[in-house]
Amino acid sequence: MSVLIKNGLIVNATGRYQADVYADGDKIKAIGSDLDYPADEVVDAKGLYVMPGAIDPHTHISMPFMGTYAQDDYETGTIAAACGGITCLVDFDLQQKGESLYEALERKKALAEGKVCVDYSLHPAVMDPRPEIIEEVKQACHEYGTPSFKIFMVYDFRVDDATMIKLLEETKKYGGLVQVHAENVYIVQHMNEVFEKEGKVKEPYYHALSRPNIAEEEAIARAAKMVELTGSRIYIVHLSSKEGLWKVKEARDHGIDVYAETCPQYLLLDDERYKEADWNGAKYVMSPPLRTKESNAALWLGLRGGDLQVVSTDHCPFDFKGKKDMFGKDDYKKIPNGAPGVETLAMLLHTEGVVKGRISLERMVDVLSTGTAKMFGLKDKGEIAVGKDADIVVFDPSIKFTITQSKLHMNCDYTPYEGMEMTGMPSAVFSRGKRVAEWNGDQVQFVGQAGHGRFVKREPFEGF
Ligand code: DUC
Ligand code: ZN
Ligand code: ZN
């Protein structure tokens, strides 16, 4: 299967230029002017952008959580990803008690087998940090192809600071990266007790009040100190608050390697959403919670200026009807935490970021693809360049689309962005040279195949 994309504007993180792109099999084989290779498919991309497929490094596919499951499986989740211009995702794989990291990876890979429609990889989440698990970091980095390790500082399955130190030491030895969900568990527990005593448990807004900005700020500051102690590196997932960003910046200004991602929900939505009528506020219950408009603005600046390197989604969908509106209707603490987002990532970043002048097109490509590939060792992805995987999005910046749940593919009965007007949508999406999604005049439709996606082994970091 070969494809020739003619006359497009190639956009990489480093710049843009007019050229043709030729892909044969999985790879980009040539880039140049007036290419005339015979091809199975020729795409006229005049007036369109030709960009590397986006990579979402933060999804929760089929994850058991809070008495239920995140609803997208590898088929529905990657169909939605493809339709949103995402050609690779790095999903979390939560280690169960007694399991090795290897067993946890194989268990999750079995769920993807035959279903996954675009490429994927996995981050082991360390939840049972026995001594042999810390030792397994070496194999995960150098044999399994999974050199990033998620830990939680909050929830029942959190790790303590001693475990964090050990993991940082071990990842430093083998080129790994520790990813941290940073919230101070004691602040959250304290606020929950206060609201319990005051009888304020019935409204979703108290979810936000129970997890204040300072809980994120403190946890990031503490994690950064562990990085300073060990000389390792850390990556803060779903950074949400301006205070958290200050701590990331402060560490970076002192030469401490703290990296961070944010997500569209923390750039675009604020805590007023929790007050929506008819218990709609539950739709936005996620951790960390939505913050204020000041945090939204600070995060855009962090993205523009480079203190945030990646935008991911934390895609973790639960239906509103029957789950969000039932499980927690008497207690905000029982509302399943999470929201859908994998499909809307690129369209939101283009419309709200590029079209509104908050970030350049090149920066968008960097935080959605090139920087993400570099951060997570996806060496064949993240760039329109000869030899890279032909994961290509032909993007039409003139398409108008109103986000609505019925025109999206995520397995969820709502989207937090209902009614938002988008400018710019994928016109055609290729995963290793194969067309997997296209604009049909009204919405993006999936034209790929379950089972096309592959597990991608990632490379450890070599810069220590
Ligand atoms: N936060 C969420 O909102 N959902 C999944 C896990 C998490 O940390
Ligand atoms: Zn998290
Ligand atoms: Zn998450």
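**View 1. The zinc ion (ligand 3) is held by His58 (NE2), His60 (NE2) and Asp314 (OD), at 2.0 to 2.1 Å.** Donors here are N, O and S atoms within 2.8 Å of the metal (3.2 Å for Na, K and Ca), and with water not among the atoms, sites may look incomplete. This is a predicted model, where local features need pLDDT of at least 70, side-chain atom pairs count only at pLDDT 80 or more, and totals for chains, interfaces and linings use all residues; side-chain values use heavy atoms, with hydrogens and water left out. Residues are numbered from 1 along each chain as its sequence is written, while chains are lettered from A and ligands numbered from 1 in the order in which they are written. Along the chain, the donors of this zinc ion (ligand 3) are spaced H-x1-H-x253-D. His60 sits in the loop between β6 (54-59) and β7 (64-65), and Asp314, 254 residues apart from it, in the loop between β15 (310-311) and α11 (320-327). Helices (H or I, at least four residues) and strands (E, at least two) are DSSP runs, numbered from the N terminus. His60 is buried at 6% relative accessible area, and Asp314 is buried at 11%; buried means under 20%, exposed over 50%, partly exposed in between (1.4 Å probe, protein chains only).

**View 2. The zinc ion (ligand 2) is coordinated by His181 (ND1) and His238 (NE2), at 2.1 to 2.2 Å.** These two histidines come from distant parts of the chain, 57 residues apart: His181 from strand β12 (residues 177-181), His238 from the loop between β13 (233-236) and α8 (242-253). His181 is buried, at 1% relative accessible area, and so is His238, at 2%. The zinc ion (ligand 2) and the zinc ion (ligand 3) are 3.5 Å apart.

**View 3. Ligand 1 has His60, His181, His238 and Asp314 among the residues around it (a heavy atom within 4 Å).** Now for its polar contacts (pairs of N or O atoms within 3.5 Å). One ligand oxygen is 2.9 Å from a side-chain N or O atom of His181, and an oxygen is 2.8 Å from a polar backbone atom of Ser287. A nitrogen of ligand 1 lies 2.9 Å from a backbone N or O atom of Asn337. Taken alone, ligand 1 exposes 240 Å², and the protein buries 99% of that (Shrake-Rupley method, 1.4 Å probe).

**View 4. Gly371 lies in helix α13 (residues 361-375).** Gly371 is buried, at 14% relative accessibility. Leaving aside residues up to four places away in sequence, Gly371 touches Val310 and Asp366 (heavy atoms within 4.5 Å).

Technical notes. Polar contact = N/O pair within 3.5 Å; in protein donor to acceptor, adjacent residues only side chain to side chain.
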